[in-house]
Every structure is written in C-alpha cells, then in structure tokens.
Amino acid sequence: MRQATLHQLKVFEAVARHNSFTRAAEELFLTQPTVSMQVKQLSKAVGLPLFEQVGKRLYLTTAGKELFITCKDIFEKLSEFESTVSNLKGLKKGKLRLSVITTAKYLIPRLLGLFSQHYPGIDISMKVTNHEGISERLVNNEDDLYVMSQIPNDFDVSVVPFLENPLVVVAPRSHRLAQEKNIPLKTLADELFIMREPGSGTRQAVQKLFDNHGFSAKVKLDLGSNEAIKQAIAGGLGISVLSRHSLTSESMNSEIVVLDVEHFPIRQHWYVVYPAGKQLSIVAQTFFDYLMNEGKAIAEHNFLNNISLNQK
Ligand code: PGA
C-alpha cells in the first residue's frame, strides 16, 4: 500500500462512487484509459482486485469495499485538516456538503447566497433528494449537514428544529371548492389525487393523515417532483398535498390555490440533522450557526411574506 498515491485513491473513490469508469473520468476531467490505469496500479499496490465486472455491471470486491470505506475516512480527515489550517490562518475555507429534502430546495439555495458572500472561500455542494434518499445519505455519512422533516428513528442523530414546513391541499384556481371554508375531508372523496412517489416523506405524512381519518383517496398518478405536481394540478389532472414552501408567489397567484380542508395543514418541521457524536468540521459549524441565526430570520420573514402575498 505504500506505493499507492493519494491521486490513485481519489480516482478509485470516484469510480466506486459512480460505479463507472466513464463517469469517474468525466468528473475528474481525465481520460478513461488514465482512470483504468490508475485503478490497475492501485490494485497492484493492494495485491488484490478492487472491482469485478459481471456482464455490463461493475462491482466492488470485498477488498474494494474496504478500501472505499477507508478512502471516505481519509478524505474526510484531510478536509477537516484543510479547514483547521484555514482556521489557523484566520480564513474560513473548505468544502461544505449539504443534503436537503425536496421541500426545502425552495429555501436553502436562497440562504446560501448570503452565506457565500460572507464566506467566499467555502465551496458548497448540495444534494436535493426525497426522504428515503436523504435518510440513506445520512446513514452512509455522505454529507456534513442534512435538512429534513422526518427524523429516522433507527439511527442516532443530533436534531435541531429549523423552520415550520406545513403541508397543504392544492387545487387549480378554478376548482369548485376554491372559495369554501373548512371543507370536510370526506368532500374530497371524489377528487382525483396526485401523490408524490413512494419513498417521499410528504406522501407518508399524507397517507398517515388519511389512514387516521379512514379516508381513502382516489389516486390518479404518482409523480416524483413537487414541480411536476404543480404543473399537473394547473393542467387539471387533479389535486394534491404539497409543502407550502413549494408554492412560490408567482405560481400561486396565477394557476393554483390552497384549499381550506379540515385537518390541514399537516404541521411538519424541518430539522437540521447530523449523525450523533459527529464532530462537525469548522466549515459545517459555521454554516450551522449561520442557518440558526441569520438564515432562520431571513427564512421566517420570506415565508410570512409569501403567505400574505398568496392570500391577497
Ligand atoms: P419528500 O419531502 O416528500 O421529498 O420526501 C418531505 C419532507 O419535507 O420531509
């Protein structure tokens, strides 16, 4: 292993993460033969094959899997070291990795703008995914911080509440119930519903509420994105339940509307989460502090403004 270089480990890590030589080459701006060569040399230094090809698929061997875990540790330590050094130099520099639930993608990027102005030396990568995806990333320790609504109960985490995330019933503006108040849930029995995909936390929360009230919704279709659902509602395909944050003022004012249905909104919260006991990097801690102070204040202000615009 002493002959292995850091560069080879970087190349190997990218191939293992993407499960593909081609995609690793693209990410690293290298040619595919260079990537193959680096992995081959690394494999020689290890003394065992790191990948095996079965048909068209690439699999990590047992040695490959072990090395992949080791690589993650090494790169995490190196990035911690980088930020420690930057901190010693009085600079906040380094990489911030975030995972954000789909409902929070309307807000967090806005907050990143101001953060980036304060800390231009911090590079950010942000993954947007649903409940299932974000829980998986959390368990695999892939990011520094996670913004999500439903906390996994089978994994030990540190959790700090961030902002409310109410789920509301959304319909086309021309809907027959658009002007009604306190609509009984059973009135929606004949409506066609558009649901988020399995694996979505929104879907889970809606299903739980329906089950609790013995309501069975007619589900017309599943869609894997809040944006696609808004378009489908506007197109007259049906009604749905979405995070209020996904209803920006432009779309609300024109084509879609929130229905005032009993038991709604479903009161959810976003939390900032990370694995319990994980030592946050200086960069992650800086973002965390920003989020809980300026970030939260801006978000609350924008949210209230948006609601009052929507109600006009
Ligand atoms: P999701 O988000 O439906 O994309 O999983 C739900 C949430 O806000 O928890």
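First, a term I need: two strands count as paired if DSSP finds at least two bridges between them. Strands (E, at least two residues) and helices (H or I, at least four) are DSSP runs, numbered from the N terminus.

Ground rules. I'm looking at a predicted model, where local features need pLDDT of at least 70, side-chain atom pairs count only at pLDDT 80 or more, and totals for chains, interfaces and linings use all residues. Residues are numbered from 1 along each chain as its sequence is written, and side-chain values use heavy atoms, with hydrogens and water left out.

Entry one, the sheet. I started with strand 5 (residues 145-148) and strand 12 (residues 269-275), which run antiparallel and are joined by three bridges. Y146 stands opposite V273 of strand 12. Then I traced the whole sheet: it is open, has five strands in the order 4-3-5-12-6, and its pairing is mixed. Strand 4 (122-129) and strand 6 (157-164) are at the edges with a single partner strand each, so one side of each has no neighbour in the sheet. From one strand to the next, the twist averages 20°.

Entry two, helices on the sheet. I checked contacts here (heavy atoms within 4.5 Å). Angles run from 0 to 180 degrees between N-to-C directions, and axes are lines fitted to C-alpha atoms, for helices over the stretch in contact. Helix 5 (residues 108-118) packs on the sheet and touches strand 3 (94-101), strand 4, strand 5 and strand 6; its direction makes about 175° with that of strand 4. Helix 6 (residues 131-139) packs on the sheet too, touching strand 3, strand 4, strand 5, strand 6 and strand 12, and its direction makes about 155° with that of strand 5.

At what angle do helix 1 and helix 3 pack? I found about 110°, with the axes of helix 1 (residues 6-18) and helix 3 lying 9 Å apart. On the helix 1 side, the contact includes H7, Q8 and V11, and on the helix 3 side, Q38 and V39 are among the residues.

Is Q38 buried or exposed? I noted Q38 in helix 3 (residues 32-46), and Q38 is buried, with a relative accessible area of 14% (buried means under 20%, exposed over 50%, with a 1.4 Å probe and protein chains only). Leaving aside residues up to four places away in sequence, Q38 touches H7, Q8 and V11.
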